[in-house]
Amino acid sequence: MISERRLGIKELLTFERYSLKSGVFFVDGTSRCAIYDTNSGDVYSLNKSAGKILTRKAENIEFWQKLKGMGLVVSDEEKQKPIISELLRRPDLQFVWFEVVSDDCNESCIHCYAECMPSTYRKGMGLTIESKHEKSKKISFEKWKQLIDESYLLGCRRCQFIGGEPFLYRGENNETVLDLAEQAKDIGYEFIEIFTNGTLLTKERIIKIKELGLNMAISLYSNDERTHDSITKTTGSYKKTIESLKLLKDASVSTRVETVLMHSNEKTIEQTQKFVEEMEFSHRQPDVLRPKGRGDKPSIMPTQEAVVKYGLMLSPSFTITKDILSRNISGHSCLSGKITITDNGDVLPCIFSRNLTVGNVQKSTIKEIISGQNWRT
């Protein structure tokens with residue numbers, strides 16, 4: 001009952017000889033309420049009058065009979081098992097962003113949440129990586145391999161290598177991000193993805209990517225060359241990215257193309273998505289610019305009209321399963337079971353939460369960090 005009150009969700013509600021079936025939940029809301037049937041996946045929106053009947057603040061036997069006819073209610077002589085306690089769980093580690101390069105990139109995108117840029121730019125501005133990270137020691141190649149292994153042993157089966165630009169990564173003996181991805185492949189990760197701007201891909205690298213069965217994610221800001229290059233602040237970046245996409249397509253490498261929605265490209269979003277589809281790559285809705293890092297500028301935020309058109313879910317998805325419900329009531333539905341590890345060892349709950357460090361893998365193990373109070377809160 002404590003769990004039910006805290007979650008605002010109830011199960012096995014009864015009236016006279018009727019009871020909600022096991023796996024069917026009543027969820028109260030501010031203006032309406034709902035029935036979640038995790039057995040069928042259906043969600044039923046109810047008004048407050050129906051909610052009063054289900055919580056026995058009003059009586060209506062015909063309503064209960066109707067629910068029985070819909071397969072949501074059983075007669076009370078049929079013993080039903082409560083399952084909320086089973087759904088409440090501490091999720092295992094499910095996904096890790098291995099941020100193998102946290103500061104360096106060969107582009108200097110106007111919206112970069114991590115404020116990445118070429119090292120020459122940084123030097124010209126009088127900045128150093130050491131001052132930004134307080135002279136913190138970067139993770140060695142062997143340490144990265146250890147972290148990949150440790151994450152796997154904690155239950156993780158999905159990961160992404162990201163930057164900055166991950167293809168700028170170099171280990172002590174000139175190892176690359178592909179060597180790290182190979183380690184993940186060898187140990188048994190089921191999904192391995194590299195998120196890159198695509199400009200540093202070569203035929204040789206793509207052959208290796210294909211051999212390892214890796215997935216690729218590529219940033220493309222517009223199908224218009226001038227718009228794309230103005231966002232990356234790198235002349236020629238569009239041509240290089242498109243060349244890489246063609247090579248990936250020719251090699252039949254599983255690739256998705258992602259676009260960040262901002263003021264600079266909002267007028268070309270529709271054409272860009274059509275362009276991506278014509279190239280037969282998968283994509284999602286544009287990712288609305290997050291006001292982080294260099295993206296925290298009102299002048300580059302998309303207009304409200306563009307956000308409504310491309311960035312908002314305008315209708316709910318009326319489906320539910322035990323797994324979905326479990327994730328939603330067991331913690332943050334987006335961050336639950338996920339961590340980011342930066343190249344200096346900081347552990348973040350999300351790649352965008354740059355100022356929220358929950359631990360450091362050079363001082364503690366991943367297990368100690370995700371079991372600690374900082375990660376739970």
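**Strands, sheets and spaces**

Author: Begin with a pair of strands: β8 and strand β15 (residues 338–341) pair in the parallel sense over four bridges. Keep in mind that this is a predicted model.

Reader: What holds such strands together in general?

Author: Strands of a sheet pair through backbone hydrogen bonds, and the pairing is either parallel or antiparallel. To read a pair here, look for residues that are bridge partners: Phe 95 has Lys 338 in β15 as its partner.

Reader: In which sense do β15 and β16 pair, parallel or antiparallel?

Author: Antiparallel, over two bridges, with β16 covering residues 346–348. In this pair Thr 340 stands opposite Leu 348 of β16.

Reader: How many residues lie between the strands in the hairpin of β15 and β16?

Author: Four residues lie between them, and Gly 345 in this hairpin takes a positive phi near 100°.

Reader: Over how many bridges do β4 and β5 pair?

Author: Strand β4 (residues 24–28) and strand β5 (residues 33–37) are antiparallel and pair over five bridges. Within this pair, Phe 26 stands opposite Ile 35 of β5.

Reader: What is the order of the open sheet of three strands?

Author: The order is β2-β3-β7, again with antiparallel pairing. Here β2 (14–15) and β7 (73–75) are the edge strands, each pairing on one side only. Strand β3 (residues 18–20) is joined to β7 by three bridges, and Tyr 18 stands opposite Ser 75 in β7.

Reader: Which helix lies across β2, β3 and β7?

Author: Helix α3, made of residues 61–69, does, and α3 runs at about 55° to β3.

Reader: Now the spaces. How do I read a pocket?

Author: Take the volume, then the lining, then the kinds of residue. The largest pocket holds about 1300 Å³ of space. Its lining has 42 residues, and those nearest the centre are Phe 195, Arg 284, Asp 287, Ile 351 and Phe 352. Two or more lining residues come from each of β8 (95–99), β9 (158–162), β10 (191–196), β12 (255–258) and β14 (287–288). By class, the lining divides into 20 nonpolar, 11 polar and 11 charged residues.

Reader: Which element gives the most to the lining of the largest pocket?

Author: That is β10, which gives four residues.

Reader: What about cavities?

Author: A pocket is open, whereas a cavity is a space from which a 1.4 Å probe cannot get out. This structure holds one cavity of 30 Å³ or more, and the volume of the largest cavity is about 40 Å³.

Reader: Which residues line the largest cavity?

Author: The lining consists of Val 257, Glu 258, Thr 259, Gln 273, Val 276, His 283, Arg 284, Gln 285 and Pro 286. At least two lining residues come from each of β12 and α12 (269–278). Sorted by class, three are nonpolar, four polar and two charged. Arg 284 is listed here and is also among the residues nearest the centre of the largest pocket.

Key:
Residues numbered from 1 in each chain as written. Predicted model: local features only at pLDDT ≥ 70, side-chain atom pairs only at ≥ 80, totals over all residues. Heavy atoms only, no water. 1 Å grid on protein atoms, 1.4 Å probe; cavity = no way out; pocket = protein on both sides within 12 Å on 5 of 7 lines; lining within 4 Å. Points joined across faces, edges and corners; volume = space filled by probe spheres on them. Nonpolar A, V, L, I, M, F, W, Y, C, P; charged D, E, K, R; others polar. Pairing = 2+ DSSP bridges. Contact = heavy atoms within 4.5 Å. Axes fitted to C-alpha atoms, helices over the stretch in contact; angles between N-to-C directions.
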